[in-house]
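Please examine the sequence and the three-dimensional structure shown here before reading on. The report is meant for a reader meeting this structure for the first time.

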Amino acid sequence: MFDVNKVRNDFPMIRNNKDLIYFDSGATSFKPDRVIKAIMDYYTLYNSNIHRGDYDISISVSKTYDDTRKTIARFINADDPRCIVFSSGSTASLNLVAYNFGRNFLKECDVILTSQVEHASNILPWFKAREEAKANIEYIPLNPDATFDLKKYEECFKDKNIKVVVLPYVSNVMGYIYPIKEITRIAHEHGALVSIDGAQGVPHVKIDVKDLDVDFLSFSSHKMLGPAGAGVLYGKYELLEKMEPMMYGGDSNARFYNDGTIILKNVPEKFESGTPCIEGVLGMNEAAKYLMELGMENVEEYGRYLTRYFIDRLKNLDNVEIYNPESEAGIVAFNLKGIFAQDAASYFNKCGVALRSGNHCAKLLQNVINVTETLRATFNVYNTTEEIDRFVDIIKDTTIEKCVDSIL
Ligand code: PLP
């Protein structure tokens, strides 16, 4: 296990905000010094475009950019760095997959099998794909607490033409780690592909795409200690080869002719038109290395430890309702009885605690758990049990009057 005080010292946001308790890393994480240094170095030492300059600084930045594919491949245990497509984040990656299913991989009446825990970024693109292909969407029946039942899932394949299974690795509200290896095995047995939203899983859980055998995995740099503006679509090479880009322009084409013919470059470059978020990719490179140095097994264990610690402390409070007592990956959804989530969040803000309230972009989840708004505390490697203790003391003393006063 790593030394959390040493880790905290790597994060300027922690050093500069001594009194802030930041429990909103699920929205975006803090960044360690080395990530910020990579961005600063780019802008101060070798600011230039990639793949376009025949001079040293451009050659050097192009190499670091391209080498980041190898870092990310190592991070998720992909064999082939060409399977790492850079994007602007999870939303862009998830859209690229759904777009291709809508246009190329689905036929009329095929079925997209998904769930009601999805973040908007992993369901709205599939609504569009359904429309484009005249396909159908079906929802896997989850347990009432949104945990996964493999038996009910397998039953969904009976007499249905399911072509793709779309799920998150970790629900951004419930924090469960879904059994993706089993889910993928069953999907493949029935001839369906699997696209996983890794936005909340990749930062917290050791991912091995070879072992999981998923066909697509999308994630964002900014939730895994890297900068915003960069992200990844991992895809199996033979599938990426069959896909078309959503955008056309510079750097992704080998040739084009005045009759309109475009000869695209190979995977992954064909998906990366235009100047990308270079500093984002360079920062993501350092973030992935930092996480690998901490050890993703340790990151996962520490996340589980903080989650359990918080839930166990909350369970002793009469004024709290917890919605995901079995959460594993640093996400706790709860409410204070009789207090609107946003009012409580505003009061906690006054007490120096930053956390999120609302539906967390998972607007269909209320159909499963029967709650429309929750408070959501999310942890990362720099959070501590002392912060949790301080927060629990605040929760203990929270009343509806204090919450209402804080918003007046
Ligand atoms: N999927 C999940 C589960 C998320 O939690 C988020 C962001 O909160 C996204 C997708 C979208 O990520 P981004 O905004 O980085 O594209």
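## Basis of the report

The structure is a predicted model. The values given in this report were computed from that predicted model.

## Salt bridges between separate parts of the chain

The count of salt bridges comes to 29. One of them joins R8 and E387, whose closest N and O atoms are 3.5 Å apart.

D24 is counted as buried because its relative accessibility is 14%, under the 20% limit. R376 is likewise buried, with a relative accessible area of 1%.

## A partly exposed pair and a charged network

The side chains of D33 and R15 form a salt bridge with an N to O distance of 2.9 Å. D33 lies in helix 3 (residues 33-45) and R15 in helix 2 (residues 12-15), and the two are 18 residues apart. Is this pair buried or partly exposed? D33 is partly exposed, with a relative accessible area of 32%, and R15 is partly exposed at 30% relative accessibility.

Some charged residues are joined in a group. R34, E286, K289 and E293 are linked in a network of salt bridges.

## Cysteines

How many disulfides does a search of the whole structure find? The search finds zero. In general terms, a disulfide is a covalent bond between the sulfur atoms of two cysteines.

C83 counts as buried, at 7% relative accessibility, whereas C361 counts as partly exposed, at 27%.

## The surroundings of N253

N253 is located in strand 9 (residues 253-256). With a relative accessibility of 18%, N253 counts as buried. A polar atom of the N253 side chain lies 3.0 Å from the backbone oxygen of G249.

Which residues does N253 touch, not counting those up to four places away in sequence? They are I262, I263, L264 and K265.

## Helix 4

Helix 4 covers residues 56-75, a run of 20 residues. From its first C-alpha to its last, helix 4 reaches 28 Å, close to the 28 Å expected at 1.5 Å a residue. Just after helix 4, N77 takes a positive phi of about 55°.

Several residues of helix 4 are buried, among them V61, Y65, T68, I72 and F75. An α-helix has 3.6 residues a turn, so residues three or four places apart point the same way. What do the buried residues of helix 4 pack against? Their partners include helix 3, strand 2 (84-87), strand 7 (216-220) and strand 8 (231-235). Helix 11 (278-294) and helix 12 (296-315) are also packed against by these buried residues.

## Helix 11

Helix 11, already named as a packing partner of helix 4, has 17 residues. The distance from its first C-alpha to its last is 25 Å, close to the 24 Å expected at 1.5 Å a residue. Helix 11 is mostly covered, with 13 of its 17 residues buried. G295 follows helix 11 and has a positive phi, near 95°.

## Strand 5 and its partners

Strand 5 (residues 162-168) is mostly covered, since six of its seven residues are buried. Strand 3 (residues 111-114) runs parallel to strand 5, and three bridges join the two. In this pairing, I112 stands opposite V164 of strand 5.

Strand 5 is also joined to strand 6 (residues 193-197) by five bridges, and these two strands run parallel. Here V166 stands opposite S195 in strand 6. As a general rule, the side chains in a regular strand alternate between the two faces of the sheet.

Key: Residues are numbered from 1 along each chain as its sequence is written. This is a predicted model: local features need pLDDT of at least 70, side-chain atom pairs count only at pLDDT 80 or more; totals for chains, interfaces and linings use all residues. Side-chain values use heavy atoms; hydrogens and water are left out. A salt bridge is a side-chain nitrogen of Lys or Arg within 4 Å of a carboxyl oxygen of Asp or Glu. Helices (H or I, at least four residues) and strands (E, at least two) are DSSP runs, numbered from the N terminus. Buried means under 20% relative accessible area, exposed over 50%, partly exposed in between (1.4 Å probe, protein chains only). A disulfide is a pair of cysteine sulfur atoms within 2.5 Å. A polar contact is a pair of N or O atoms within 3.5 Å; within protein, one must be able to donate a hydrogen and the other to accept it, and residues adjacent in sequence count only if both atoms are side-chain atoms. Contact means heavy atoms within 4.5 Å. The expected span of a helix is 1.5 Å times one less than its number of residues. Two strands pair if DSSP finds at least two bridges between them.
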